[in-house]
Amino acid sequence: MHTDNNNSIDNILEENRVFPPSNEFSSKSRLNKVDQLIALKNQAKNDPITFWKTFANSEIDWIEPFQTVLDSKNAPFYEWFKEGKLNITYNCLDRHIKNGRGDKIALIWEGEPGDSRSFTYKELLIEVCKASNALKSLGVEKGDLVCIYMPMIPEAMIAMLACARIGAPHSVVFGGFSSESLKDRLVDGKAKFVITADGGFRKDKIIDLKNAVDSALDSGANEIVEKVLVVQRTRKEISMKNGRDFWWHEILKKQDHTCDPEVMKSEDRLFILYTSGSTGKPKGVVHTTGGYNLWAHLTFKWIFDIKEDDVYWCTADVGWITGHSYIVYGPLSNGSTTLMYEGVPRPSNLGAFWEVIQKYKVSIFYTAPTAIRAFMKSGREIPDLYDLTSLRLLGTVGEPINPEAWIWYKDVIGQGKCPIVDTWWQTETGGVMISPLPGVVSTKPGSATFPLPGIEIDIVNKKGYSVNSNEGGYLIVKNPWPGMMRTIHGNPDRYLKSYWNYIPCEDQNYVYFSGDGARIDDDGYVWIMGRVDDVINVSGHRLGTMEIESALVSHKSVAEAAVVGKKDNLKGESIVAFVSLEKTYNSSSELIEALKQHVIDEIGIIAKPEKIIISEALPKTRSGKIMRRILRSLASGEEISGDISTLEDSSVLEKLRKEA
Ligand code: WTA
């Protein structure tokens, strides 16, 4: 563990600007009075059971009602809304059709080479039912894990919902992950089925998803995966294995347009989603049906102050939790119009986001600070070319946002009139935990403001004691909440150790450790300072330094590797790897390129090291532990401070200084 991190704390300590919501915005908001918010928070704090029960009953349609709101018998393996039965796709689709929203647009899709499609709630339900029946015809049964490895096309959402409809948990793997990463996830989850596409369009290139699936199966997942369903997207030639691979369009066209939703228990698995931790391989975070449905629904409704005629756009990929909760389940559960975009901004299409906002009159826009910083760098001339007046609310997620980028976002994209919701949360939390409620909370640039009603947080030291205001410490959550992860797939011990046993607590048995550092200012505002473990955040993507190190070490030339994050003005952090070579190898620019490519092959393009420094030896303690603190200072060109007396061989430092 290290408590130092790369964020510009000085910057945020100086940040005192406060932006109350405008009367114009506030007067139309569902939640717009401070008293109202305080009452809600107090109610949640004083009587959480009634609080959650009331919302679970008013917001979610149950097939059979629950009796027990929260079962803490096996804490921290909490159970929510036990005995309750439901199907999340009923809440996301059928109920809106029953309530007269059948012809409302559920999904707008803007494709990368300029094609677009849209689906009303009725149309989306038909597609989901066809896909559900198709999965059943291939032999998918309730409880079977289905892996979805797709580009950002409507079929990705349809596939997720189809799985949920028939009670088969999904495991979505981001399309940018390599076949190796895909294989690990297939093997860990024992996924019997894969839904993929012939390929996807990404940054002027075609990514060969089906080929990656083939390689994953050839290299070890063959015995697990029985069938592969393939959506036609790029029409690039691929190989289809008889009896194993099936075309989505061929199977779907034979299917009935209706499929009854499977009756699911509240605690039945809805999905597994892999995310990086500080040790070992990525872990499969498990989310279940009832609690997740409520949390995705409620947070979406609160934070985006959603209105019937909103056109809402979240720019994440469905391969991440943000896509799960805030492209698919949250918006659809609320009967909203959600936009999905296949493209990624890049130098050849810098105005693409603004064009989409103008074209569809997007009213709520939710993106990552990295994207905002990139747009800021290319100048306001680009967004100024577009009509962005339809926007009424902006959001950010995934990494700390620096006040400069926050102000630019508000002024240039939000034309000064849109509130910003800076939302802090994690794959593990299922939905947003800390965020302003835009009609009532005054915002400070760079602060996620306050926890949502029902969420009790604290900032503590390693021993579990609260720190003083303005003092940095570990961000913990003190109470269970419905959208929380339930376990790590196949590794309940890791669930206990990483999250619940890390911080000791006197008055309560368990507190949830987030892995983030934070401070709370004198006004009670929360400022997230970034990860305090060996997880780095590159452009809002979570990566474990150990994963990248293992990838490097698996190359025949590498003896040892240590990976650190370096502050990056655009990406938040960038990856720097220190590598020592096996004796028979010499450093060369070709070898460095080969190592970078090796990491891409092992993990995916998002893990590509920005810099690889080949070194004769790495700084170690006498007990053989690599001193990352020193490497972090070297990577950022800072003076090495702190105690170096435990260093085994101080001459290593001199050599490293020259090499870095
Ligand atoms: C970081 C993404 C600062 C944080 C939803 C967390 C943030 C990790 C914010 C989770 C924010 C997320 N401000 N940092 N508003 N939101 N983070 O699991 O370090 O991909 O622990 O979930 O992203 O990343 P994950």
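Aromatic pairs number 44 in the structure, where rings of Phe, Tyr and Trp (its six-membered ring) are taken to pair if their centres lie within 6.5 Å, planes under 30 degrees apart counting as stacked, over 60 as edge-to-face and the rest as tilted. The model is predicted, with local features requiring pLDDT of at least 70 and side-chain atom pairs pLDDT 80 or more, whereas totals for chains, interfaces and linings use all residues. Residues are numbered from 1 along each chain as its sequence is written, and side-chain values use heavy atoms, with hydrogens and water left out.

The ligand is surrounded by 17 residues, the closest being Asp422, Thr423, Thr427, Asp516 and Arg542, a residue being counted if one of its heavy atoms lies within 4 Å. By class, this shell comprises 6 nonpolar, 6 polar and 5 charged residues (Ala, Val, Leu, Ile, Met, Phe, Trp, Tyr, Cys and Pro count as nonpolar, Asp, Glu, Lys and Arg as charged, and the others, Gly among them, as polar). A polar side-chain atom of aspartate 422 lies 2.7 Å from a nitrogen atom of the ligand, and a polar backbone atom of threonine 423 is 2.7 Å from a ligand nitrogen atom. An N or O atom in the side chain of aspartate 516 is 2.5 Å from an oxygen atom of the ligand. Taken alone, the ligand exposes 530 Å², of which the protein buries 96%, accessible areas coming from the Shrake-Rupley method with a 1.4 Å probe. Two or more residues of the shell are given by each of helix H12 (321–333), strand S20 (420–423) and strand S25 (526–531).

Strand S25 also belongs to an open sheet of 4 strands, which follow the order S21-S22-S24-S25 with antiparallel pairing, two strands being paired if DSSP finds at least two bridges between them. Strand S21 (457–460) and S25 are the edge strands, each pairing on one side only. Strand S24 (residues 512–520) is joined to S25 by 5 bridges, and aspartate 516 has arginine 531 in S25 as its bridge partner.

Note on methods:
A polar contact is a pair of N or O atoms within 3.5 Å; within protein, one must be able to donate a hydrogen and the other to accept it, and residues adjacent in sequence count only if both atoms are side-chain atoms.
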